[in-house]
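Please keep the view open as you read.

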Amino acid sequence: MAPIDSAMLPDGMRVYAIGDIHGRRDLLDQLLDQIMADDRARGPADTHIVFLGDLMDRGPDSAGVIDRAIELSETLGQNAHFLMGNHEEVYLAAVSGDEKLVRFFCKIGGRETILSYDIEPAEYNALTMEELTARLPTLLPQAHLDFVRRFEDRIVIGDYAFVHAGVRPGTSIENQKPKDLRWIREDFLIDDTPHDKLIVHGHTITDDVEECTNRIGIDTGAYMSGMLTALALEGRDRWYLKTGQ
């Protein structure tokens with residue numbers, strides 16, 4: 001594995017990785033404006049944008065975030081990448097008709113996601129959990145569900161591997177289980193042994209970017225802090241763009 005300061009992208013490539021958005025369409029719009037301006041200022045490159053997952057839940061406009069992500073995917077095509085986070089996993093599972101999954105979805109911020117669609121708070125509050133379970137497939141647009149179902153578990157570019165939560169130490173990137181890539185926390189965070197790639201991840205909130213010898217964490221708690229962070233990479237260089245600064 002390349003140490004953090006010598007990890008490289010292939011020549012001619014530039015990558016912007018965006019941390020957990022959690023329904024903050026306002027911050028996503030601001031950060032994308034910064035990314036576009038930064039990209040133009042640095043000159044031509046094969047530019048890619050990677051979303052590290054958890055686009056929805058907790059914040060007020062998950063529907064708007066997904067709309068903007070779809071728009072970006074149509075504009076950038078294969079240069080826009082989207083990772084499946086644990087919140088995407090639960091979002092998709094909640095429409096299966098299992099009341100327990102809907103209850104869990106609401107517990108981890110799904111209420112705010114549902115309210116970003118076509119239902120008023122009073123109507124939502126009047127529904128029983130059974131009624132909400134039956135109603136949910138009609139509230140979440142099929143286009144949004146189909147889009148999120150296409151999200152990837154890992155993206156490898158040069159010396160970097162982009163994942164949502166982290167990796168299982170001692171296991172190669174290719175052999176990681178989706179559950180670990182989307183949900184792992186402590187076992188990954190406390191481990192400082194080298195991985196086969198430098199891991200870029202979200203999922204675990206820190207006050208600012210967390211740079212370690214084997215990983216870079218960029219979930220700065222946007223939905224409550226107002227700071228949505230992007231890691232930018234080119235060659236051996238890395239820099240950060242943030243909202244709320």
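**A guided walk through the model**

Let's begin with helix H1, residues 25-41, which lies across strands S1 (13-18), S2, S9 (229-234) and S10. Relative to S1, helix H1 runs at about 165°. Keep in mind throughout that this is a predicted model.

Now look at the sheet itself. Five strands make up an open sheet with mixed pairing, and their order is S3-S2-S1-S9-S10. Strand S3 (80-82) and strand S10 (237-242) are at the edges; each has a single partner strand, so one side of each has no neighbour in the sheet. From one strand to the next, the twist averages 20°.

Strand S2, residues 46-51, runs parallel to S3, and three bridges join the two. Here Phe-51 stands opposite Phe-82 in S3. Moving on to S1 and S9, you will find an antiparallel pair joined by five bridges. Val-15 stands opposite Leu-233 of S9. S9 and S10 also run antiparallel, with six bridges between them, and there Ala-230 stands opposite Leu-241 in S10. These two strands form a hairpin with two residues between them, and Gly-235 in the turn has a positive phi of about 55°. How much of S9 is buried? Five of its six residues are, so strand S9 is largely enclosed by the rest of the structure.

Next, find helix H3, residues 86-93. This helix is mostly covered, with six of its eight residues buried: Asn-86, His-87, Glu-88, Val-90, Tyr-91 and Leu-92. What covers these buried residues? The cover includes helix H2 (62-76), helix H4 (99-115), helix H7 (142-149) and helix H8 (178-183).

Let's turn to the charged side chains. Side chains of opposite charge can pair when their charged atoms come close. In this model the count comes to 17 salt bridges. One of them joins the side chains of Arg-68 and Asp-29, at 2.6 Å from N to O. This pair links distant parts of the chain, since Arg-68 sits in helix H2 and Asp-29 in helix H1, 39 residues apart. Arg-68 counts as buried because its relative accessibility is 13%, under the 20% cut-off. Asp-29, at 22%, counts as partly exposed.

A second bridge joins the side chains of Arg-42 and Asp-38, at 2.9 Å from N to O. Arg-42 is partly exposed, with a relative accessible area of 41%, whereas Asp-38 is buried at 14%.

Arg-168 is partly exposed, with a relative accessible area of 29%, while Asp-180 is buried at 11%. Some salt bridges share partners, and in this way Arg-25, Asp-29, Arg-68 and Glu-71 are joined into one network.

Which charged residue is buried yet has no salt bridge? Asp-20 is an example, and the nearest side chain of opposite charge, that of Arg-58, is 6.6 Å away. A salt bridge would need a distance within 4 Å. You can find Asp-20 in the loop between S1 and H1. A polar atom of the Asp-20 side chain does lie 3.1 Å from the backbone nitrogen of His-203. Leaving aside residues up to four places away in sequence, Asp-20 touches Gly-53, Asp-54, His-164, Gly-202, His-203, Asp-219, Ala-222 and Leu-228.

Our last stop is Thr-138, in helix H6, residues 129-139. Is Thr-138 buried or exposed? At 62% relative accessibility, Thr-138 counts as exposed. A polar atom of the Thr-138 side chain lies 2.6 Å from the backbone oxygen of Arg-135.

Definitions and conventions
Residues numbered from 1 in each chain as written. Predicted model: local features only at pLDDT ≥ 70, side-chain atom pairs only at ≥ 80, totals over all residues. Heavy atoms only, no water. Pairing = 2+ DSSP bridges. Helix = DSSP H or I, 4+ residues; strand = E, 2+ residues; numbered from the N terminus. Axes fitted to C-alpha atoms, helices over the stretch in contact; angles between N-to-C directions. Contact = heavy atoms within 4.5 Å. Buried < 20%, exposed > 50% of the residue type's maximum accessible area, 1.4 Å probe, protein only. Lys, Arg positive; Asp, Glu negative; His and termini not counted. Polar contact = N/O pair within 3.5 Å; in protein donor to acceptor, adjacent residues only side chain to side chain.
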